Amino acid sequence: MRALLDFITKYHHWLLLVVLEGFSLALLFQFNHYHNSVWMTTANRVVGAVNAWEQQAMRYITMGEVNEDLMLRNIILEQNNEAMARRLTELTHDSTWTERRQARLLADVNMLPARVINNNVLLRDNFITIDRGTADGVEPEMGVVCGTGIVGIIFLVSKHYAIVQPVLNSRSRISCRLRNSQFFGYLKWEGGSPLFATLDDIPRHARFKVGDTVETSGFSSVFPPGIFVGKVAEIENSDDGLSFKLRIHLGTDFSRLQNVCVVQQRFHSELHDLEQQADSIAQL
């Protein structure tokens with residue numbers, strides 16, 4: 001209190017000047033219509049500009065939620081497109097047991113949104129960290145996708161976080177197929193540009209062309225069929241000349257990845273365990 005009194009005593013003439021100036025301006029704007037209109041116009045302009053800045057700031061803050069919602073909608077649209085294509089096939093010819101099984105698997109998929117909190121595209125074996133873990137139902141060997149294509153497979157999981165082995169990892173092998181011809185191979189990354197990967201083991205008798213769509217085959221418990229992967233950019237022969245090797249322009253831009261979804265299939269654990277048992281028996 002003593003410091004406040006000393007401050008007022010020391011600067012009382014300046015405080016008196018401010019009070020008198022404020023009182024004079026109030027009288028000026030209150031009893032002078034011209035000055036009052038100028039003041040109101042200027043004040044409204046300033047308030048409008050501040051409100052516009054505030055709205056822009058709020059839109060920027062909520063942009064992440066909007067992007068996440070758009071990504072989820074895009075993935076759902078991809079799934080619906082695949083489901084309708086399969087339904088049309090069922091109506092026009094007798095479906096095989098495999099086709100009916102894949103259609104059922106597609107209906108049992110849940111997409112869990114997640115945010116990327118760590119990412120790298122410069123290494124030979126890159127990894128991605130997301131903010132979902134076992135507390136959210138995430139398990140190893142679950143697929144991860146985004147609004148423009150596949151991302152990778154869950155590698156390690158803690159309670160609240162998970163490590164994803166992305167396509168941009170030398171150990172990644174994901175079963176994919178050509179949408180038009182249904183021939184399938186394995187997608188892998190050989191280093192270099194993060195925008196391209198290679199699809200191996202495409203048979204010599206397969207018919208396709210540059211620009212054809214590549215999607216997940218559904219031949220595992222990781223990804224349902226029909227998730228977009230990318231487009232055929234180049235066609236080459238394999239090293240042994242017995243098959244084709246396709247250069248794929250990936251739909252996912254890993255250098256800008258922020259929001260993803262974990263693919264949670266209802267019977268993922270059961271199917272994964274059964275496939276693991278089959279692999280163990282085959283190795284005996």
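**Rings, barrel and core**

Arg204 sits over the face of Phe244, 4.4 Å from the ring centre; a charge counts as over a ring when NZ of Lys or CZ of Arg is within 6 Å of the ring centre and within 35 degrees of the ring normal. Arg247 is placed likewise over the face of Phe196, at 4.1 Å from the ring centre. The model is predicted, with local features needing pLDDT of at least 70 and side-chain atom pairs counting only at pLDDT 80 or more, while totals for chains, interfaces and linings use all residues. Residues are numbered from 1 along each chain as its sequence is written, and side-chain values use heavy atoms, leaving out hydrogens and water.

Aromatic contacts come next. The structure holds three aromatic pairs (ring centres of Phe, Tyr or Trp, the last by its six-membered ring, within 6.5 Å; planes under 30 degrees apart are stacked, over 60 edge-to-face, the rest tilted). The pair of Phe127 and Phe155 is tilted, because the ring centres are 5.5 Å apart and the planes stand at 35 degrees. Phe127 belongs to the loop between strand 1 and strand 2 (128–130) and Phe155 to strand 4 (residues 149–157), so this pair ties together parts that are 28 residues apart in sequence. Strands, like helices, are DSSP runs numbered from the N terminus (E, at least two residues, for strands; H or I, at least four, for helices). Phe127 is partly exposed at 27% relative accessible area, and Phe155 is partly exposed at 36% (buried means under 20%, exposed over 50%, partly exposed in between, with a 1.4 Å probe and protein chains only).

Phe208 and Phe244 form an edge-to-face pair, because their planes are at 90 degrees, with ring centres 5.3 Å apart. This pair links distant parts of the chain, 36 residues apart: Phe208 is in the loop between strand 8 (196–203) and strand 9 (213–216), and Phe244 is in strand 11 (residues 243–250). Phe208 is buried at 17%, as is Phe244 at 15%.

Turning to the fold, six strands form a closed barrel in the order 6-7-8-11-10-9 with antiparallel pairing (strands pair if DSSP finds at least two bridges between them). Strand 6 (residues 174–178) pairs with strand 7 (residues 184–188) over four bridges, and Ser175 stands opposite Tyr186 of strand 7.

The largest nonpolar core has 47 residues, and Phe254 is among those with the most contacts inside it (a core is a set of buried Ala, Val, Leu, Ile, Met, Phe, Trp, Tyr and Cys residues joined through side-chain atoms within 4.5 Å). Its largest share, five residues, comes from strand 1 (residues 109–118).
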